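Have the model open while you read.

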Amino acid sequence: MDMESTAAAIGVSVPVLRFLLCFIATIPTGFFHRFVPGGATGKHLYAAVTGVVLSYLSFGFSSNLHFLVPMLVGYVSMVVYRKRCGVITFVLAFGYLIGCHVYYMSGDAWKEGGIDATGALMVLTLKVISCAINYNDGLLKEEDLRDSQKKNRLLKLPSLIEYMGYCLCCASHFAGPVYEMKDYLDWTEGKGIWSKSEKGSPSPFRATIRALVQAGFCMGLYLYLVPHYPLSKFTDPVYKEWGFWKRLSYQYMAGLTARWKYYFIWSISEAAIIISGLGFSGWTDSSPPKARWDHAKNVDILGLEFARSAVEIPLVWNIQVSTWLRHYVYDRLVPKGKKAGFFQLLATQTVSAVWHGLYPGYIIFFVQSALMIAGSRAIYRWQQSVPPNLGLLKKLFMLVNFAYTVLVLSYSCVGFMVLSLHETLTSYGSVYYIGTIIPVVLILLGNVIKTKPARSKARKEQ
């Protein structure tokens, strides 16, 4: 294949084309995983070797050296100091990721047609941290653990080959989704939901084809829209001449356009996870039962585009990372016996921002998203306080929350896309910071206008 002419034909650089080819190669690689001889050990070795090879072909030799650092940090900490291995791995692995972000500044590389391994390193960082924390949880009393901790804790140290297979398994190595070591081991060894049953082995092909068709549609729509809504428009003198509503609508369309790129990437990852079998998440209760593939799901496209509340966004966007943040940051910051508040939300969003990179646009976006969710919660509390006999008013609050979510999400995500402080503030200022002011006002009003959930008449009589 002539890489240069092919890259030019589809409008990308040679490094990006090389990455895309290796990324798509995770699908057949995942498929052949089920046929690897040698039992669980052979499959762990296959997962590790294919991850190393595809990383080398995509990013070069240095990528595997970068991956080796957090992997060694996590494993050594588990071997040497189990009681604090979770905290040690969190601090050191995250610190190394931040250092790589600063060194490579991936956003600039993508803008200039290049690419580096920090995207894959981001996924790997979450894996090694969760593995160490779960091994740490294995020391705790079961009655002191949350349900997620009981499900994912590790009672014994994974072998080195198990650990390497988990970290480098190429089906999720490039762009996620993140999954637990416990699930990886059960899948490889044919245990848990992956054990043989009277229902038989679920066929992954229909779900894989659906994911591939979705990926093709998303990429086609992205390629169609991106020439019409380039990010460069935010600093174009023509943009400044537009009226308020036109600037606001352009922000919505630019964000919508960018999202289709992520939908494409996650659809390919979903296909690779599904066809390997790891994406299987159990059977439905229907008759006959149908296989579910939620372990691979990283985005609910319709759920995001028509989210009724900003609170729903982490449940439908980058789902597995949102789940990781809830289990390993948000929940663990809540003191026992107390409810989570704005501090836990802000801290979680800040960790997410740093994980993505140190660009001002990332930091502003995730702090802004904490305000967005808190504002949406205020609207929801007011909605819940409406008596049942005022159904029209309740529906009006639902409509307001939907419109608020669309407005503030479209406004906020500009920072995530343009990255630089100047472009972020320029775009926010062009619509008079409306997406920041409205959430702050709602949060303040929510603290002033205290409400209680309305109870039906029948419930009151009880």
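The C-alpha centres of domain 1 and domain 2 lie 24 Å apart. The domain assignment puts domain 1 at 3-194 and domain 2 at 204-448, with bounds that come from an automatic or database assignment. Keep in mind that this is a predicted model: local features need pLDDT of at least 70, side-chain atom pairs count only at pLDDT 80 or more, and totals for chains, interfaces and linings use all residues. Residues are numbered from 1 along each chain as its sequence is written, and side-chain values use heavy atoms, with hydrogens and water left out.

- Domain 1 brings 44 residues to the contact and domain 2 brings 43, where contact means heavy atoms within 4.5 Å.
- About 3700 Å² is buried between domain 1 and domain 2, and carbon and sulfur atoms give 69% of that; buried area here is the accessible area (1.4 Å probe) that two parts lose on being put together, summed over both.

**Salt bridges**

- The structure holds 10 salt bridges, each a side-chain nitrogen of Lys or Arg within 4 Å of a carboxyl oxygen of Asp or Glu.
- Across the interface of domain 1 and domain 2, the rule finds one.
- Asp 137 and Arg 332 pair up through their side chains in a salt bridge, at 2.9 Å from N to O.
- Arg 332 sits in the loop between helix H17 (319-330) and helix H18 (342-356), while Asp 137 is in helix H7, so this pair ties together parts that are 195 residues apart in sequence. Helices are DSSP runs (H or I, at least four residues), numbered from the N terminus.

**Cavities**

- Searching the whole structure turns up two cavities of 30 Å³ or more. A cavity is a set of points on a 1 Å grid over the protein atoms alone where a 1.4 Å probe fits but cannot get out, and lining residues have an atom within 4 Å of a point.
- The largest cavity has a volume of about 50 Å³, volume being the space filled by probe spheres set on the points.
- Its lining includes His 33, Tyr 46, Cys 169, Trp 187 and Ser 276, and helices H2 (14-33), H3 (39-59) and H10 (170-173) each supply at least two lining residues.
- The second largest cavity comes in at about 30 Å³; among the residues lining it are His 66, Tyr 104 and Asp 116.
- Helix H5 (85-104) and helix H7 (118-137) each give at least two residues to the lining of the second largest cavity.

Technical notes:
On a 1 Å grid over the protein atoms alone, a cavity is a set of points where a 1.4 Å probe fits but cannot get out, and a pocket is an open set with protein on both sides within 12 Å along at least five of seven lines; lining residues have an atom within 4 Å of a point.
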